Amino acid sequence: QHRTVVVQESSEDALGLALWALAYAIHAKFELARTQKLYDQLRDMGVPESKYVRPHAYSLIANTLVGNDTAAKRDQDHIIDRYRSDIHWFEESLRYANGVIPYALLIQCQRNPNDNLLKIAKESLEMLDNQQRIGSIPAPVGNRVWHMLGQQTQDVYGQQPIDAAFMAMAWSVLADITGLAEYGKKAEYWMGWFYGHNIWQQPFADLTDGSCLDGIDEHGPSENYGAESTIMYLWAALTVRNRVQH
């Protein structure tokens, strides 16, 4: 509001996402010297010591993209060490961007095939798929109240595109790895959330310009078209479309 610089430490999630973005730029050879320099500066900052799962998921994807197998193994091991086979998840609750965790493991599996890693990614993704439904309708965990595993009820509002998008992307990668059509259909099922297969039965994605509403609240779809929502929708749509075309 006052056009002043906000000086504060970045979150570990934000740092992991920045690494992912830079790694993607390096992978695409975009401004290679600059992006490589920035990546090298950020690579060993806060993420290696993080006790949380998502920063390591973002970092795992980044290190996989640039071929840093040593750092990728570090992130992979942190995630796997948190995995609980009794609940098929890495935490006691489902929070935000849940699908990025199995998605990251699957991206690693594409580069370095690993049966145990694939098993954990598939189990956790199937658990997410089962937990995030209302009847036959996809219903991502809302951002108002985390969903405690083992509970039968969940908050139906606060659903966001980032969660539906990562689910579609994860199923799409699993379909690529296994070649199984049923997983491709799961990806399309989660893309349906954007097109009206949701609790309000209204589309969130605008097919004329590619923008996307911010999600669901108790009054209906959000009226705001946020950058994150639009990016996640376009990213998921591109991922699923590319798989279908191949």
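This is a predicted model: local features need pLDDT of at least 70, side-chain atom pairs count only at pLDDT 80 or more; totals for chains, interfaces and linings use all residues.

Biologist: Fine. What makes the chain as compact as a globular protein of its length?

Modeller: Start with the inventory: the chain has nine helices and six strands. Its radius of gyration is 18 Å, and the globule rule gives 18 Å for 246 residues, so the chain counts as being as compact as a globular protein of that length. Along the principal axes, the C-alpha atoms fill a box of roughly 50 × 45 × 40 Å.

Biologist: And what share of the contacts with a separation of 6 or more comes from residues 24 or more positions apart?

Modeller: That share is 60%. As for burial, 48% of the 246 residues are buried.

Biologist: Which residues have the most contacts inside the largest nonpolar core?

Modeller: They are F90, V100, Y103, L105, F166 and F194, in a core of 66 residues. Several helices supply at least two residues each, including α1 (12–27), α5 (100–111), α8 (181–195) and α9 (227–245). Helix α7 gives the most, with 12 residues. As a general point, nonpolar side chains in soluble globular proteins tend to be buried together.

Biologist: What does F166 touch, leaving out residues up to four places away in sequence?

Modeller: F166 touches W20, A97, G99, V100, Y103 and M232. F166 also belongs to an aromatic cluster with W20, Y58, Y103 and W235.

Biologist: How many aromatic pairs are there?

Modeller: The count comes to 14.

Biologist: Why is the pair of W193 and F204 called tilted?

Modeller: The ring centres are 4.7 Å apart, and the cut-off for pairing is 6.5 Å, so they qualify as a pair. The planes are at 45 degrees. Stacked needs under 30 degrees and edge-to-face needs over 60, so this one is tilted.

Biologist: Why do you say that this pair ties parts of the chain together?

Modeller: W193 lies in helix α8, while F204 is in the loop between α8 and β5 (216–217), so the pair links parts 11 residues apart in sequence. Both W193 and F204 are buried.

Biologist: What makes R54 a charge over the ring of Y96?

Modeller: R54 lies over the face of Y96, at 4.7 Å from the ring centre. The distance limit is 6 Å, so R54 passes on that score.

Biologist: Why are E31 and H88 called partly exposed?

Modeller: E31 has 41% relative accessibility and H88 has 30%. Buried means under 20% and exposed means over 50%, so both land in between.

Biologist: What is phi in E31 and in H88?

Modeller: Phi is near 45 degrees in E31 and near 55 degrees in H88, a positive value in a residue other than glycine each time. E31 sits in the loop between α1 and α2 (32–42), and H88 in the loop between α4 and β1 (93–94).

Methods. Residues are numbered from 1 along each chain as its sequence is written. Side-chain values use heavy atoms; hydrogens and water are left out. A nonpolar core is a set of buried Ala, Val, Leu, Ile, Met, Phe, Trp, Tyr and Cys residues joined through side-chain atoms within 4.5 Å. Buried means under 20% relative accessible area, exposed over 50%, partly exposed in between (1.4 Å probe, protein chains only). Helices (H or I, at least four residues) and strands (E, at least two) are DSSP runs, numbered from the N terminus. Contact means heavy atoms within 4.5 Å. Rings of Phe, Tyr and Trp (its six-membered ring) pair if their centres lie within 6.5 Å; planes under 30 degrees apart count as stacked, over 60 as edge-to-face and the rest as tilted. A charge sits over a ring if NZ of Lys or CZ of Arg is within 6 Å of the ring centre and within 35 degrees of the ring normal. The radius of gyration is taken over C-alpha atoms; the globule rule is 2.2 Å times the number of residues to the power 0.38.
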